[in-house]
Amino acid sequence: MLCLAAAPVLAQNADKAAASPELASQDPASTAPAAPRSRADAAATATLAALLPRLAGNDTIPLMDRSAMFAGDLSRLLANYDVSQSAADRAEIAVNDGQVQSILKRAMGLLGTPYRWGGTSPDGFDCSGLVGYVFKTALGIELPRVSREMARDDAAALIKDRNSLTAGDLVFFGRRGRVDHVGIYVGDGRFLHAPSRGKDVQIDTLASGYWSEKFVQARRVL
């Protein structure tokens, strides 16, 4: 019913476009800020523009029949568009998963590395030195040098609910909301970090105890 009700308006717009080449050639995007569009978006726009004359241009076919033809074409168009969008979403998820795996693989390979104040190499790490080294060497991502600056980095999405954490997120700890420590969340309520002097890079839990009480927030870089 929605397609049938809209058909006369669509036909009228198509007739106006045909009667005025200047109007037909005008690009709506020229009056609004440019925005990136996917191939699926461009294909949808082009196909819809081709369908409008089909609805309005053949007066020998009854309006009801033309509306039904248009509705069928539009349904097929939207189905193809949804498939394209789903494929794009799956590709994006696959890329993200690959990046997370790269981060986790690099981080796990550093388990047992000794803590060293100011350390930024496998000879020894402090907490932010470890996190920065992992992201830079695994993905080429430069992070701020110290934990409190990482916690304020608006380039990464802020996460306050620990139940929303996913592997690869940065987790921050401190007292009275003041961040003084950072680690990398690895999943299942656990995170990898360089704890303090006299200890090595290790995995601890957020579920309870000392680190659970000190948790402040998280940031999602990927």
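**Exercise 1. Contacts along the chain**

Work out what share of the contacts with a separation of 6 or more in the protein chain joins residues 24 or more positions apart.

*Solution.* Start with the contacts in this predicted model that have a separation of 6 or more. For the setting, the chain holds seven helices and eight strands, and 31% of its 222 residues count as buried. Its accessible surface comes to about 13,400 Å², with 54% belonging to carbon and sulfur atoms.

**Exercise 2. Placing K214**

Find the helix that holds K214, decide whether K214 is buried or exposed, and list its contacts beyond four places in sequence.

*Solution.* First, locate the residue: K214 belongs to helix α7, which covers residues 209-214. Second, check its relative accessible area, which is 9%. Buried means under 20%, so K214 counts as buried. Third, set aside the neighbours within four places in sequence; K214 then touches F172, F173, G174, R175 and D180.

**Exercise 3. The second largest pocket**

Describe the second largest pocket by its volume, its lining residues and the elements that supply them.

*Solution.* Begin with the space inside, about 370 Å³. Then turn to the 19 lining residues, of which W117, C127, S147, D180 and H181 are closest to the centre. Now sort by element: α5 (127-139), α6 (147-151), β5 (178-187) and α7 each give two or more residues. Strand β5 has the largest share, with four residues. Finally, sort by class: nine lining residues are nonpolar, three polar and seven charged.

How values were computed
Residues are numbered from 1 along each chain as its sequence is written. This is a predicted model: local features need pLDDT of at least 70, side-chain atom pairs count only at pLDDT 80 or more; totals for chains, interfaces and linings use all residues. Side-chain values use heavy atoms; hydrogens and water are left out. Buried means under 20% relative accessible area, exposed over 50%, partly exposed in between (1.4 Å probe, protein chains only). Contact means heavy atoms within 4.5 Å. On a 1 Å grid over the protein atoms alone, a cavity is a set of points where a 1.4 Å probe fits but cannot get out, and a pocket is an open set with protein on both sides within 12 Å along at least five of seven lines; lining residues have an atom within 4 Å of a point. Grid points are joined across faces, edges and corners, and a volume is the space filled by probe spheres set on the points. Ala, Val, Leu, Ile, Met, Phe, Trp, Tyr, Cys and Pro count as nonpolar, Asp, Glu, Lys and Arg as charged, and the others, Gly among them, as polar. Accessible areas come from the Shrake-Rupley method with a 1.4 Å probe; for residues, only the protein chains shown count as cover.
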